[in-house]
Amino acid sequence: MTIHKRPFGTTPEGAVADLYLLAAASDFKAAITNYGGILVSLWAPDRNGKTADIVLGFDDVSGYAAKHPYFGAIVGRYGNRIAGGQFTLDGKMYSLAQNDGPNHLHGGVRGFDKALWTAEPLIRDDAVGLKLTHTSPNGDEGYPGNLSCTVTYWLTNTKTLEIEYTAVTDAPTPVNLTNHSYFNLKGHNGGDILTHELTLFADRFTPVDETLIPTGELRPVEGTPFDFRTAAAIGARINTEEEQLVRGKGYDHNFVLDADAKGRFVQAARVREPQTGRVLEVYTTEPGVQFYCGNFLDGSNVGKGGAVYNHRNGFCLETQHFPDSPNQATFPSTVLRPGQMHHTQTHFRFLTD
Ligand code: BGC
């Protein structure tokens, strides 16, 4: 197991970003940059032992510094949407950037995906890791309190990518940290993901309004195209004329894993790609997972090795608290207060069929 560092380019602010190459096994490696805490590459084997890079991304920091749909990034302070870019906390109203139609998305104009994190390589018996730290100052993107965050990636020799998030604050603030990797188990340049077979261990999802804000309902998936409790191809029902699929332009919804938010590890998803036999299992302590299947990808992002990322060429499983929780009293709370520790964990486990 090894970890090496190399320069990854200069940020628009003139700082040098680094790329860390983590090898947990000859057929299980990752590249992570301290810019945005971004997972740039992840190599995993197919059923014949052939490895491929299975996450979408760019060749150097310039792609990530420009506008892009959060490829591989750590998203914060608040992953997903906050209605109208506003919330009230302890009687005080806070205004955030409206960077997604009328709503706030993924932490604002300059979210954690654009921060240069401090990186520290780690090693343990069964894994290589990278500890990333970042302090978001009071008032950052409109959020209250100085928020000190740590995100630790571990790549294990049993082919699991573990991500652990912690944060502490000196004033109450909403926090919802996630990783926004786009997977394609055929390879990042493997075309559309519609034949990937998905299982989602969720019997409810949070339906949305026209601007993708949850209505507050936890709707049973039973009898809808959102029922992935038994494996189904992502593309099998995606073009059904159903209000929620029309609003999301496909799947772009939060699924309910644990409405009581007990912080237990549960399996969120399993994805199998039939051609290569690659399998991804997702486990998390989070109460929800946003299943987004790259509906907004349109070929305008040219990524690693010149790969063009077209419509639905990648899918995301963003483990998270529910969207718009700061405005939805019935959803599990995302408020972190001084003296408390925000702590969540997500594991992406890679196998073959
Ligand atoms: C959102 C999508 C959005 C994508 C990229 C996902 O988390 O749900 O609506 O297009 O991120 O920003």
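Select the shell around the ligand: its residues divide into six nonpolar, three polar and three charged. Here Ala, Val, Leu, Ile, Met, Phe, Trp, Tyr, Cys and Pro count as nonpolar, Asp, Glu, Lys and Arg as charged, and the others, Gly among them, as polar. This is a predicted model, in which local features need pLDDT of at least 70, side-chain atom pairs count only at pLDDT 80 or more, and totals for chains, interfaces and linings use all residues. Residues are numbered from 1 along each chain as its sequence is written, and side-chain values use heavy atoms, with hydrogens and water left out.

**The ligand site**

To show the shell, pick Pro69, Tyr70, Arg81, Leu105, His106, His180, Tyr182, Asp252, Gln290, Tyr292, Phe296 and Glu318.

Next, look at the polar contacts (pairs of N or O atoms within 3.5 Å). Arg81 places a polar side-chain atom 2.6 Å from a ligand oxygen. For His180, the distance from a polar side-chain atom to an oxygen of the ligand is 2.8 Å. An N or O atom in the side chain of His106 lies 2.9 Å from a ligand oxygen. On its own the ligand has 310 Å² of accessible area, and the protein covers 94% of it; the areas come from the Shrake-Rupley method with a 1.4 Å probe.

The ligand sits in the largest pocket. On a 1 Å grid over the protein atoms alone, a pocket is an open set of points where a 1.4 Å probe fits, with protein on both sides within 12 Å along at least five of seven lines. To sit there, a molecule needs more than half of its atoms within 2 Å of the grid points.

**The nine-stranded sheet**

Now colour the strands (DSSP runs of E, at least two residues, numbered from the N terminus). Two strands pair if DSSP finds at least two bridges between them. An open, antiparallel sheet runs in the order β11-β12-β13-β14-β29-β23-β22-β17-β20. β11 (118–124) and β20 (232–233) stand at the edges with a single partner strand each, so one side of each has no neighbour in the sheet.

Start at β11, which pairs with β12 (residues 127–136) in the antiparallel sense over seven bridges. Two residues link β11 to β12 in a hairpin, and Leu122 stands opposite Gly129 in β12. Then go to β17 (residues 197–200), joined to β22 (residues 266–272) by four bridges, also antiparallel. There Glu197 faces Arg272 in β22.

**Hairpin and loops**

Select β8 (residues 86–89) and β9 (residues 92–95), an antiparallel pair with four bridges. Phe87 stands opposite Tyr94 in β9. Two residues separate β8 and β9 in this hairpin, and Asp90 in the turn has a positive phi of about 50°.

Move to the loop between β6 (74–75) and β7 (81–82), where Arg77 is found. A cis peptide bond, with omega about -5°, joins Gly76 to Arg77.

Finish at Leu212, in the loop between β18 (204–206) and β19 (219–220). Leu212 is not glycine, yet its phi is positive, near 70°.

How values were computed: A residue is near a molecule or strand if one of its heavy atoms lies within 4 Å of it. A polar contact is a pair of N or O atoms within 3.5 Å; within protein, one must be able to donate a hydrogen and the other to accept it, and residues adjacent in sequence count only if both atoms are side-chain atoms. On a 1 Å grid over the protein atoms alone, a cavity is a set of points where a 1.4 Å probe fits but cannot get out, and a pocket is an open set with protein on both sides within 12 Å along at least five of seven lines; lining residues have an atom within 4 Å of a point.
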